[in-house]
Amino acid sequence: FATVWDTNSPVLLSRKLYRTVDMFGERKYMYKPDLRKISVWANQGHFSIGLETEDTTELRAALKRMGPSHVATAAYDQQGFRQVDSGITGACAASALFLGDSFTDGMWVNDRTTFVSQYARIASEGAGRRLCAVNTGVNGYGSLEEAYVLEHYYEPAGRPPLVLLMHFANDVDDDYRGVLDGRLPDAASKWERSL
């Protein structure tokens, strides 16, 4: 299958996971609707590589024989957004919309263990009423894509009264380590421009 390299790590991402979308006149991408994704991490000596692709029965059979070091699965809804743990959805008293990139999407973790699912569970328990979270995070997204998602999916998400934007150092500059440790001389202005 066709793949692309993730720019931040040695990860192959199957192009079959994505669909093309015009976002404010730029060609961008979203996950395909009703997608089931599998993330696999394999180590061999000093060599490590990750792979994300569609979850199929054939691939699971092959992985069972290989014994990779890490396997996680992810489900996406009819709009192509990460599903939140099904045990905490339905009959919501309130909702929250999460915007972001792979951190929000929950790359490398199962649906139940994304921080969005954890937030919904903890907030529901603390408030004594069900909070439904909508996870619109997509691997590689930045401010432009997040603005598009908010503009086009806020209404379909039920106009949540709470919108949380997860903005990280890698949204500011490709040298995100330089942003974090202060080596980037214009980091403050880049933070401002990225927001």
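## Legends to the close-up views

**View 1. The disulfide between Cys-92 and Cys-132.** Cys-92 is partly exposed, with a relative accessible area of 37%. This view, like those that follow, is drawn from a predicted model. The partner of Cys-92 in the disulfide is Cys-132, and the two sulfur atoms lie 1.5 Å apart. The pair connects distant parts of the chain, the two cysteines being 40 residues apart. Cys-92 belongs to the loop between β7 (70-75) and β8, whereas Cys-132 belongs to strand β9 (residues 131-135). Cys-132 has a relative accessibility of 9% and therefore counts as buried. The torsion about the S-S bond is about -65°, so the disulfide is left-handed. The count of disulfides in the model comes to one. A disulfide is a covalent bond that joins the sulfur atoms of two cysteines.

**View 2. The largest nonpolar core and the surroundings of Met-30.** This core is made up of 19 residues. Met-23, Met-30, Tyr-31, Tyr-141, Val-149 and Tyr-153 are the residues with the most contacts inside the core. At least two core residues are supplied by each of the strands β3 (18-23), β4 (26-31) and β8 (94-99), and likewise by helix α4 (143-153). With residues up to four places away in sequence left out, Met-30 touches Leu-17, Tyr-18, Arg-19, Val-21, Met-23, Gln-79, Phe-81, Tyr-141 and Tyr-153.

**View 3. Asp-173 and its polar contacts.** Asp-173 is located in the loop between β10 (162-165) and α5 (176-181). The relative accessible area of Asp-173 is 18%, which is under the 20% limit, so this residue is classed as buried. The side chain of Asp-173 makes a polar contact with the side chain of Lys-190 at 2.4 Å. The side chain of Asp-173 also reaches the backbone nitrogen of Asp-175, at 2.7 Å. Leaving aside residues up to four places away in sequence, Asp-173 touches Val-179, Leu-184 and Lys-190.

**View 4. Thr-73 and the residues that it touches.** Thr-73 is placed in strand β7. With a relative accessible area of 18%, Thr-73 is buried. When residues up to four places away in sequence are not counted, Thr-73 touches Arg-36, Lys-37, Ile-38, Asp-55, Arg-60, Arg-82, Val-109, Asn-110 and Asp-111.

**View 5. The whole protein chain, shown for orientation.** The protein chain contains six helices and 10 strands. Along the principal axes, its C-alpha atoms fill a box of roughly 45 × 45 × 35 Å. Among contacts between residues at least 6 apart in sequence, 63% join residues at least 24 apart. The accessible surface of the protein chain comes to about 10700 Å², and 53% of this surface belongs to carbon and sulfur atoms.

Methods: Residues are numbered from 1 along each chain as its sequence is written. This is a predicted model: local features need pLDDT of at least 70, side-chain atom pairs count only at pLDDT 80 or more; totals for chains, interfaces and linings use all residues. Side-chain values use heavy atoms; hydrogens and water are left out. A nonpolar core is a set of buried Ala, Val, Leu, Ile, Met, Phe, Trp, Tyr and Cys residues joined through side-chain atoms within 4.5 Å. Buried means under 20% relative accessible area, exposed over 50%, partly exposed in between (1.4 Å probe, protein chains only). Helices (H or I, at least four residues) and strands (E, at least two) are DSSP runs, numbered from the N terminus. Contact means heavy atoms within 4.5 Å. A polar contact is a pair of N or O atoms within 3.5 Å; within protein, one must be able to donate a hydrogen and the other to accept it, and residues adjacent in sequence count only if both atoms are side-chain atoms. Accessible areas come from the Shrake-Rupley method with a 1.4 Å probe; for residues, only the protein chains shown count as cover. A disulfide is a pair of cysteine sulfur atoms within 2.5 Å.
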